[in-house]
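Visitor: I'm new to this one. Could you show me how to read a few of its features?

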Amino acid sequence: MNRILILTLFISFSFTLVAQDGPPKDWWLMSTEDGYNGVQSYKTYNELLKDRASRTVIVAVIDSGIDVNHEDLKGNIWVNPGEIANNGIDDDKNGYIDDINGWNFIGGADGTNVGPDTYEATRVYGKLKYKYDNADPNKLNKSQKEEYQLYLKVKENVESSIESAKKNVEQIDAIQDRILGNLSDVEELLDEKSLTLADIDSLDSDNESVSMIKNVMRQVSTNGEGYTEVNAFKADLTEALGGDKKRFEDQLKYAFNPDFDPRKTIVKDNYADQTERYYGNNDVQGPDASHGTHVAGIIGAMTGNEFGIEGVSRNVKLMSVRAVPDGDERDKDVANAIRYAVDNGASIINMSFGKGFSWNEGIVEDAIKYAEKHDVLLVHAAGNSAQDNDITDNFPNDSVDKRYWLFWKKKKPAKNWLEIGALSYKKDEDLVATFSNYGKVNVDLFSPGVKIYSTIPGNGYASFQGTSMASPAAAGVAAVLRSYFPTLTAEQIKQILMASGTKMSDQVKVPGTKGEKIVGFGELSVSGSVINMYEAVKMAMQTKGNKKKVTVNKGA
């Protein structure tokens, strides 16, 4: 039973798993000649790169984890050449024991892992509540007033989210009761344990219960005929709605619960020390690697193995750095994940995560600058809140402190950062994904992010959607440039991708406005363009690389 279709009959929820109808599974790799605004990888390999030499590039995936044994990924998984597997020794002396395929910063030394975690707003709320819950704002100094305003903001965010989750649980219960109640009415009318559309069509169509059950069945029936047994329908319905109810119950139990802290019992690091680096374990898959495995496949699923999918980059090694739980990632872990990837040879880092609040923005900024110093390109998903990132905070971002003269500092965008919005396979006004964040200043360009078919754990495949998918599509293109044109710097690759993108003249619906606001596509990002691998390669062919020395990457 398709639980998504059931719920959308009654409630408007957003899901990342999408149905398989619509465009071809590989539309995002296609070109405009094929009728789609894909990254144009097929065309690029066939026409421009067919006989050109390349070098292996390491791409780090900071995410929920990767199934490194997936049939379509295992040949492209990074292996640390300085480490001997499972001997309990830090052979390469990088501070991480048995880090064969990467590292897990949200695990414990005993092999346990963080699954659910809180949202950042919840953590900040819990941190400030004891200070400001009963504070008199008139008695606060300037810095305290600024912190107090932050407290009020996170307090409103968390408390309103709790109320929303509670209402969703109640609503799901009401939906289930309504459907099951109407189903009982239909059972009496049928006077048998059969529930086919043909049987229901024979009943009075003006009956409210008949009309509703018929509508639900037409949406969810896999064979177009309905169910033979009423009990099978009830079981599937209960399971589907129960899954969504649990999602909101888990938000109440974990995500919005300031008293929940898996860090203390699992990771056991000194969280007060934000500069601490050496903690975690080598389990790079973790308890749920669906998101990270999907991202990895987009970047570099194996080519020519006669099954599965193709990733964008064909000469890549994927490094798994686990730092994203079921909840918001923590700044300390993100900063350490970036540094780990840089130190172990990654030249591109994909980051398909984000949040509206930051615990320690500065520690991440330092890591971004560290990556910039070592010529590593960071590719980041813009977010799925249908918001303007120029107005609303989205962390992490490319804004870092730059020092001028002696003590004067000013925020400037990092030169090694790409912020990616999501493109739909649809055209004209529906070109931009309805969920995608955007920003004329803070989103660089758009990349395919709707109905993206890729790898999931257990040798599986599925279609997900989100800027989480758009980011690795762009990272894969960047990896191609680094692979075939190794003298190009991270800054040059960013410039090429921005300049070579396809400029779109379409008037499009602004995400989050329900189609009520229409603007030119160029108003939604810095470049006003869609990533175009074909034109990027052509431009790279004409660009002199600024990198003076090209080294062989560790493990590539």
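Visitor: Which residues of α9 are buried?

Guide: Keep in mind that this is a predicted model. The buried ones in α9 are G292, T293, H294, V295, A296, G297, I298, I299 and G300. That is nine of the eleven residues in the helix, which spans 290-300, so α9 is largely enclosed by the rest of the structure.

Visitor: What covers the buried residues of α9?

Guide: The cover includes the strands β1 (57-63), β5 (316-322), β6 (348-351), β12 (452-456) and β13 (460-464), along with helix α12 (467-484).

Visitor: How do I read a pair of aromatic rings?

Guide: You describe such a pair by the distance of the centres and the angle of the planes. Here the count comes to 17 aromatic pairs. Take Y96 and Y340: their ring centres are 5.1 Å apart and the planes sit at 85°, so this pair is edge-to-face. Y96 is in the loop between β1 and β2, while Y340 belongs to helix α10, 244 residues away, so to speak, along a chain whose distant parts the pair links.

Visitor: Are Y96 and Y340 buried or exposed?

Guide: Y96 is buried at 2% relative accessible area, and Y340 is buried too, at 0%. Now look at Y125 and Y151, a stacked pair with 6.0 Å between centres and 5° between planes. Y125 is in helix α3 and Y151 in helix α4, so the pair ties together parts 26 residues apart in sequence.

Visitor: Which ring does the charged end of K43 sit over?

Guide: That of Y534, 4.2 Å from its centre. Likewise, K127 lies over the face of W359, at 4.4 Å from the ring centre.

Note on methods:
Residues numbered from 1 in each chain as written. Predicted model: local features only at pLDDT ≥ 70, side-chain atom pairs only at ≥ 80, totals over all residues. Heavy atoms only, no water. Buried < 20%, exposed > 50% of the residue type's maximum accessible area, 1.4 Å probe, protein only. Helix = DSSP H or I, 4+ residues; strand = E, 2+ residues; numbered from the N terminus. Contact = heavy atoms within 4.5 Å. Phe/Tyr/Trp six-rings, centres within 6.5 Å; stacked < 30°, edge-to-face > 60°. Lys NZ or Arg CZ within 6 Å of the ring centre and 35° of its normal.
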